[in-house]
Amino acid sequence: MAESNGFLSVFRNATRRTFSSSQGELNVTPTTEGSSLSSLAWATSNLLQPVTSTVRSQLWQIWCSAKPWSEFASSKKLKTPSDAADVRDRVFSNLRFYLPNYVLLFVALSSLSILLRPFIVIAVLLIAFLYAYLFVLHSTPISWGPVYLNSQLKMIVLTVVAVFLIWITGAVYVITSWLGVAFVIAVAHAVMHLPADEPDFESTV
């Protein structure tokens, strides 16, 4: 849970820094379609760069804190629990000890599933483009004829479009389904694996 809260905090700070700096740098309206697309692409790239670097940094920290995979998947440490108390002790011990491994397992499964569904990647990029257009390229209210969009209406438009794209591509189903698969694998591993804090008498001389 601490890893998750730390990631969300860094993610919010990175996005806030990008939004604040872009307001000062891109508070101009492009005059041509070519320059508009170029500016939009640049703004989106500028927006995603700190986010992707934050994700990489957090994943690297989780990877470094993960326990050796040879130990995690060792068949010698897989034994059937003796009773309900043994199941409880194993689950509490192993879920706490191998939490980074379980997180990386979920990330790997969900990433593979998303890569096999390119429409999800396209939807994420479209949401990023829309955010960059509404809040980075045009930090002030936008007027389209009789339509006037202030910051609140911009957020409503972004939310509606994001929810529609996420729903139509099935991103929520993909992520939650793989989250369920990772949870089942984690619990099964925690139940069958000997408690992490149990001394390994077989390796002692």
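Guide: Begin with the terms: helices (H or I, at least four residues) and strands (E, at least two) are DSSP runs, numbered from the N terminus. Thr159, for instance, has its place in helix 7. This is a predicted model, where local features need pLDDT of at least 70, side-chain atom pairs count only at pLDDT 80 or more, and totals for chains, interfaces and linings use all residues. Residues are numbered from 1 along each chain as its sequence is written, and side-chain values use heavy atoms, with hydrogens and water left out.

Visitor: How many helices and strands does the chain have, and in what order do they run?

Guide: The chain has 8 helices and 2 strands. Starting at the N terminus, the order is α-α-α-α-α-α-β-β-α-α.

Visitor: How do I read whether a residue is buried or exposed?

Guide: Buried means under 20% relative accessible area, exposed over 50%, and partly exposed in between (1.4 Å probe, protein chains only). By this rule, 30% of the 205 residues of the chain are buried. Thr159 has a relative accessible area of 40%, so this residue is partly exposed. His189, in helix 8, counts as buried because its relative accessibility is 12%.

Visitor: Which residues is His189 in contact with, beyond its neighbours within four places in sequence?

Guide: Contact means heavy atoms within 4.5 Å. With those neighbours left aside, His189 touches Phe72, Asn94, Tyr98 and Tyr102. For the whole chain, 80% of the contacts with a separation of 6 or more are between residues 24 or more positions apart.

Visitor: How is the length of a helix judged?

Guide: The expected span is 1.5 Å times one less than the number of residues. Helix 7 has 19 residues and reaches 27 Å from its first C-alpha to its last, close to the expected 27 Å. Helix 6 (residues 118–137), with 20 residues, reaches 27 Å, close to the expected 28 Å.

Visitor: Which residues of helix 7 are buried, and why do they line one face?

Guide: An α-helix has 3.6 residues a turn, so residues three or four places apart point the same way. In helix 7, the buried residues are Lys154, Leu158, Ala162, Leu165 and Thr169. Seen down the helix axis, they fall within an arc of 70 degrees (taken from the directions from the axis to the C-beta atoms), so they line one face of helix 7. The face turned away from this buried side carries the exposed residues Gln152, Val160, Val163, Trp167 and Ile168.

Visitor: What covers the buried residues of helix 7?

Guide: The cover includes helix 6, strand 1 (142–144), strand 2 (147–149) and helix 8 (171–192).

Visitor: What is a nonpolar core?

Guide: It is a set of buried Ala, Val, Leu, Ile, Met, Phe, Trp, Tyr and Cys residues joined through side-chain atoms within 4.5 Å. In soluble globular proteins, nonpolar side chains tend to be buried together. The largest core here has 12 residues, among them Ala123, Ile127, Tyr131, Leu158 and Leu165. Helix 6 and helix 7 (151–169) are the elements that give two or more residues to this core. Helix 6 supplies the largest share, 7 residues. A second, separate core of 7 residues includes Phe72, Val91, Tyr102 and Val191.

Visitor: What is found just after helix 7?

Guide: There, Gly170 takes a positive phi of about 75 degrees.
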